[in-house]
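Please find below my notes on the model under review. They are set out as numbered points, to be read alongside the sequence and the structure.

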Amino acid sequence: MRRLEHQSGVSPAAGLSNLSSVEMPAPTWGAGAVLSPFRDLGDLLQGLPTRKVGIALTACVIAQFLLIINGSWTATPDSALYLSLARSLASGRGYMFNGEPHTLVPPGFAAVLAGASALFGESFLTYRCLMAALGFLTAFAGYLLVRRLCGKSAALLVGGAFALNHALLENSALTLSDVPFALSCLMGLHVALWAADTSPCLPAALIAGLVLGVSPLLRINGLAVPIAAVFFLWSAWKGLSLSRRIFLSVAVLVCAYAPWIMWEWWKSAFPASFGEGTYYGAVAGRNLGTQISVILMALWGYAPETFYAVTGVTMRTGFVELIVPAVILLGLVEAFRRGDRLLTPFVALQYAGLSLSSAGSRYLIMAIPALYILLALGIVRIIRGLNSRGLTGVSARPVLVVVFSALILLNVGHNFVTVYHVRAALEFGGPESQRSLPFFSAARWLKENAPNAPVLSTHPRIIHYLSGNRTIPLSRAGVPETLTWVQSGDDIRHLITERQPGFVFADTKNPHLYPHAVKGLGDLSLQLQEIQGIDPSARYRLFRIIYPADSRKGEAK
């Protein structure tokens, strides 16, 4: 041993020490490089007070979701559709709506509602508790996403703004798919980050695919989520061989799309119903001019809707509401330029898909955490650009604190309004507001006096869900815009002659439908008799159709 020491000049112990200090080669995979712009944002906000503010933030978030729980329901067509489908699934009748196999919305959210009703009973209280829980989980998932990307201090400010966002809370008080879809998208981004930092292997790819496959089963826009995730993973796996990257990417996509493909295969065996149709029929049935018009109107509409989703403030000046989307767009470009491959493709693909239908702030909930991060990056880019030209000497940190504190206050103010309306509900187990009351009144009368009579209606989904009566739609979904309103005399006469409705429930102030329906009934020598004894409404009214003595089958000739 001494001879060896003398010859080499290094003792064995020192040699082992040097060997242990040798740096191992860096892994050829990981999310670090493609997330650097967000970590810079986290460094900028490092050191913000977190303990007391975090406790207060958590208390506010928990309180707001508890306060929106009640036993009432806000009647909306989409909510009525999901609840009707859930009732059909829970009762063992299958995925049926209004007596027909349903081919429009994917079955994911209806299955969740059916599971909740099977476990806890079918009631508005059950659904409110479920939606509040999903809303809280979505807030938590958004906060955690910001924390993973930007760090603890940034999560408190930016993620906290999302947890208190008005659109998230408002839609958690409605039985709609927007909040669970947002949760599925955020979980998809989380699993993409996990897969990027896990040793690349087939099991990890399959797990990622399974989680990413939830979004397409909730909303048609979910088809873009696996694509965005695989784009990110492809960048994170850049050190792997090309064949291995292709193999793992295909594995993720196959696993993600397999459930959705099975749903599409199942519904292909049934014709689209007259009232519901399909998403593809709605988009593909448009002519080129209508398609371009819809896209341009949606893109223009999403500027103020983005402003509203982020701030909680409604403006229609044509200029002020464009400032926030413009800063977000600048942040998106800056993030992509600096290497981000997670949020930028996700946001871009979601907006591209949303441009195929009318704009709405509730469709943006899944993207709001990303929009807040990109807004912060845009603000930093603007301030640093001004400072580099000597125009200002302002630090970006206090500006971010002021801007996001203001956003939190604006959203919390909006949330007070939401909570007030929920707590002031008209009736437990009934309508939440005066606007929903006419639907309940008409449905209760129908259930008691005419439970099997078909109803011609401008709101067929709501009346069908509340009464259980078959409805004949005067407004349709899943069809091109030119076919949405059933207003031609021939169509109305055909519906009446073929389906023999006994009642009409109509929005009497709807210029598209009500006058045409009345004219179509008159052309067939049919009369309307308004039903008395139910809660009156100047707008929504229930009528009995009076047929001539010899016009119906089975009547005396």
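**Notes on the predicted model**

1. F65 counts as buried, at 3% relative accessibility; buried means under 20% relative accessible area, exposed over 50% and partly exposed in between, with a 1.4 Å probe and protein chains only. The residue belongs to helix α4 (residues 51-67), where helices (H or I, at least four residues) and strands (E, at least two) are DSSP runs numbered from the N terminus. Leaving aside neighbours within four places in sequence, F65 is in contact with A132, G135, F136, A139, A163, L168, L169 and S172, contact meaning heavy atoms within 4.5 Å. From F65 to R128 the C-alpha distance is 9.9 Å, across 63 residues in sequence.

2. On the basis of these remarks: this is a predicted model, in which local features need pLDDT of at least 70 and side-chain atom pairs count only at pLDDT 80 or more, while totals for chains, interfaces and linings use all residues. Residues are numbered from 1 along each chain as its sequence is written, and side-chain values use heavy atoms, with hydrogens and water left out.

3. Five strands make up an open sheet with mixed pairing, in the order β4-β3-β5-β7-β6; two strands pair if DSSP finds at least two bridges between them. β4 (471-473) and β6 (527-530) each have a single partner strand and stand at the edges, so one side of each is left without a neighbour in the sheet. On average, neighbouring strands of this sheet are turned by 30° against each other, direction ignored. Strand β3 (residues 455-457) and β4 run parallel and are joined by three bridges, and L456 has I472 in β4 as its bridge partner.

4. Helix α21 (residues 460-467) packs on this sheet and touches β3, β4 and β5 (503-507). The direction of helix α21 makes about 175° with that of β4; axes are lines fitted to C-alpha atoms, for helices over the stretch in contact, and angles run from 0 to 180 degrees between N-to-C directions.

5. The structure holds 18 aromatic pairs. Rings of Phe, Tyr and Trp (its six-membered ring) pair if their centres lie within 6.5 Å; planes under 30 degrees apart count as stacked, over 60 as edge-to-face and the rest as tilted. The rings of Y95 and W263 are edge-to-face, since their centres are 5.6 Å apart and their planes stand at 85°. Y95 lies in the loop between α5 (77-90) and β1 (96-97) and W263 in helix α13 (residues 242-267), so this pair ties together parts 168 residues apart in sequence. Both partners are buried: Y95 has a relative accessible area of 6%, and W263 is at 7% relative accessibility.

6. Y95 also forms an edge-to-face aromatic pair with W266, at 6.4 Å centre to centre and 65° between the planes. W266 lies in helix α13, so the pair ties the loop between α5 and β1 to a part 171 residues away in sequence. W266 counts as partly exposed, at 32% relative accessibility.

7. One aromatic cluster is formed by W73, F124, F440 and Y465. The charged end of R245 sits over the ring of W234, 4.2 Å from its centre; this requires NZ of Lys or CZ of Arg within 6 Å of the ring centre and within 35 degrees of the ring normal.
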